[in-house]
Amino acid sequence: MKLVRLRTTLYNIKAQLGPGNVLDSSSSYSTATRTTTREVTNSLRKGSSMYKLYRMLSPMGDPNDSMVPLLDQWVEEGRPLDMEQLRVIVKKFRLYKRFSHALQISMWMTKKSNFVRTPADVAIRLDLIAKVQGIEQAANYFNCVPEKLKLPSVYIALLNAYACAKSAEKAEIIMQQMRDRGLVKKTIDYNSMMNVYYQTGNYKKLDSLMHEMEEKGIDCDKYTFSILLSAYAAASDGEGIDKIVAMMEADRGVVLDWTVYATAASGYVKAGLSDKALAVLRKSEVLMMHNKFSRAYDFVITQYAACGNKDDVLRVWKHYKQNLKVYNRGYICVISSLLKFDGMESAEKIFEEWESRNLCHDIRIPNHLIDAYCRRGLLHKAETLIYKAQLRGTEPNVRTWYLMATGYLQNNQSEKGVEAMKKALVLLEAGTRWKPSKECLAACLGYYKKERDIEGADYFIKLLTGKEIISADLHDRLLNNIRNGAIALPLGFEPTTRS
């Protein structure tokens, strides 16, 4: 089962929940390692010597470049070294996802005689090792840490690393070690293990953890409920969603915001419960009006579209424009949503509005209309959009030309389709997960066969091999197939979809 990520549905608690995961390693729940941008920024005083050190280190962009020579130079020049401020620098690099450099500084600090390692240092180091070197190295580091430093924050850092690695069994061993040491006492400890089960799809085990918390008299918090709600949503479990929403509404300690009902709506939509989805979307909409957060509008619009409510999409879009400045993401959201209803006229009107605003031109926006035009055989309209984009200095991308290729091929304009496909392949980066469909490639090869254009076929097949769409050893086989009047694609060729 593909998991629903909280990055989409619980965006406004991003400071607590890391990108792509319910809990982003130790930064999410460890009180020792949890920091915000403001806290880190305020900790480095402008004009101080350590701020100058940070300014000296920060331009080094390549994660493979070592910071050690610069740090050594700083010490050799007799400049002051404040370990607490160095910890802040580590957190700052980590906050901006410069994990390799943060790890280098952390390791360099350990070698200094005046450095006293704390559990917080260990938790952050473990998190960084997991991100840079992998989970096995992080586990090895954990095993070498003295027992006196293995406080809950360190265990939680490892649990969260196992969540990212989707290693439930190993996480369970660590959780049991925490129980044996009497360290499982707080909600945060259970949240970390719940995250492991959520990330690995072990939803049934979430109930056993909830039962354990109840037996120990440990209350749930917003993040516990968020994990449970997202798990039920991922499993399309309408009754489970009902239960968690009711619990959150009844818990005075939980402050409800738009994300709670948005997550519930997403789950109801997946479960085919449109009426329930609409009911919670109304609640989400009321709450989101209290904050100026564009992604809230984006999400609610897409969910109304998923429920089939065009009028609600347009109504929320109107409020969106009244309350916030709308950027490209908002236009992508509403245009793609309207096209789900075959709402071409409304989508075109909003597209014209986007063009008139002279925002940064993003080819993804016209691509949505190009896709719709090609599906309807309105190829002239699609060509006009590309021409207008190029006049504005926006070049078509791989998807643009692939959409045009499929449109041409489906409407018996094979020569134009092949030319568009070649343009798509030229722009495609080698090794990209996306591949054109079998049907599209077969149509292109069929064109070369029909035209008896062996030279053109050779160039086309070389593009396919050069972009790693097919293996090099299939080149001659494909070319021989075309020479012999066959257009079959090689056995084992399975195109994937763009992620």
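Modeller: Some ground rules: buried is under 20% relative accessible area, exposed is over 50%, and partly exposed is in between (1.4 Å probe, protein chains only). This is a predicted model, so local features need pLDDT of at least 70 and side-chain atom pairs pLDDT 80 or more, while totals for chains, interfaces and linings use all residues. Residues count from 1 along each chain as its sequence is written, and side-chain values use heavy atoms, leaving out hydrogens and water.

Colleague: Which residue forms a salt bridge with Asp-312?

Modeller: A salt bridge here needs a side-chain nitrogen of Lys or Arg within 4 Å of a carboxyl oxygen of Asp or Glu. For Asp-312, the closest N and O atoms are 3.4 Å apart, and the partner is Arg-282.

Colleague: How many residues apart in sequence are the parts tied together by Arg-179 and Glu-212?

Modeller: Those two form a salt bridge, closest N and O atoms 3.0 Å apart. Helices are DSSP runs (H or I, at least four residues), numbered from the N terminus. Arg-179 lies in helix α11 (residues 168-180) and Glu-212 in helix α13 (residues 204-216), so the sequence separation is 33 residues.

Colleague: What is the relative accessible area of Asp-189?

Modeller: Asp-189 lies in helix α12 (residues 187-200). Setting aside residues up to four places away in sequence, it touches Pro-152, Ile-156, Met-175, Met-178, Leu-183 and Val-184, where contact means heavy atoms within 4.5 Å. Asp-189 is buried, and its relative accessible area is 2%.

Definitions and conventions: Helices (H or I, at least four residues) and strands (E, at least two) are DSSP runs, numbered from the N terminus.
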